[in-house]
Amino acid sequence: MLDRNVVEEFLDGQFEDVDLEFPKDISKEQLVEAFCQYVEDDYYEWLKDNFKSFFNHGNPDWEWIRERIKYYAK
């Protein structure tokens, strides 16, 4: 789901900002992939939690949802 090239550039910048170096025994490709999978796992859990909240744990308040649609359409 995440663009690995964008994540690699992000990590490069972040490592530079805090003056970190990649360990010699971990390739940048491995680190980027592990970080992407970590973020994607967390993102999926975040989506599930927000789904439950938005749809009121299976008992959606459609009027509230209509108001959210109007609000975000502005």
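Helices (H or I, at least four residues) are DSSP runs, numbered from the N terminus. The model is predicted: local features need pLDDT of at least 70, side-chain atom pairs count only at pLDDT 80 or more, and totals for chains, interfaces and linings use all residues. Residues are numbered from 1 along each chain as its sequence is written, and side-chain values use heavy atoms, with hydrogens and water left out.

**Exercise 1. Find what Glu40 touches and which salt bridge the side chain of Glu40 forms with Arg4.**

Step 1. Not counting residues up to four places away in sequence, Glu40 touches Met1, Leu2 and Arg4; contact means heavy atoms within 4.5 Å.

Step 2. A polar atom of the Glu40 side chain lies 3.0 Å from the backbone nitrogen of Leu2.

Step 3. A salt bridge is a side-chain nitrogen of Lys or Arg within 4 Å of a carboxyl oxygen of Asp or Glu. Glu40 and Arg4 meet in one, at 2.8 Å, N to O. Glu40 lies in helix α2 and Arg4 in helix α1, so this pair ties together parts that are 36 residues apart in sequence.

Step 4. Arg4 is partly exposed, with a relative accessible area of 25%. Arg4, Glu33 and Glu40 are linked in a network of salt bridges.

**Exercise 2. Classify the aromatic pairs Phe15 and Phe22, and Phe54 and Phe55.**

Step 1. Rings of Phe, Tyr and Trp (its six-membered ring) pair if their centres lie within 6.5 Å; planes under 30 degrees apart count as stacked, over 60 as edge-to-face and the rest as tilted. The structure holds seven aromatic pairs.

Step 2. Phe15 and Phe22 are 4.6 Å apart, centre to centre, with 15° between the planes: stacked. Phe15 is buried at 17% relative accessible area, and Phe22 is partly exposed at 23%.

Step 3. For Phe54 and Phe55 the values are 4.9 Å centre to centre and 75° between the planes: edge-to-face. Both residues belong to one aromatic cluster formed by Phe51, Phe54, Phe55, Trp62 and Trp64.

Definitions and conventions
A polar contact is a pair of N or O atoms within 3.5 Å; within protein, one must be able to donate a hydrogen and the other to accept it, and residues adjacent in sequence count only if both atoms are side-chain atoms. Buried means under 20% relative accessible area, exposed over 50%, partly exposed in between (1.4 Å probe, protein chains only). Helices (H or I, at least four residues) and strands (E, at least two) are DSSP runs, numbered from the N terminus.
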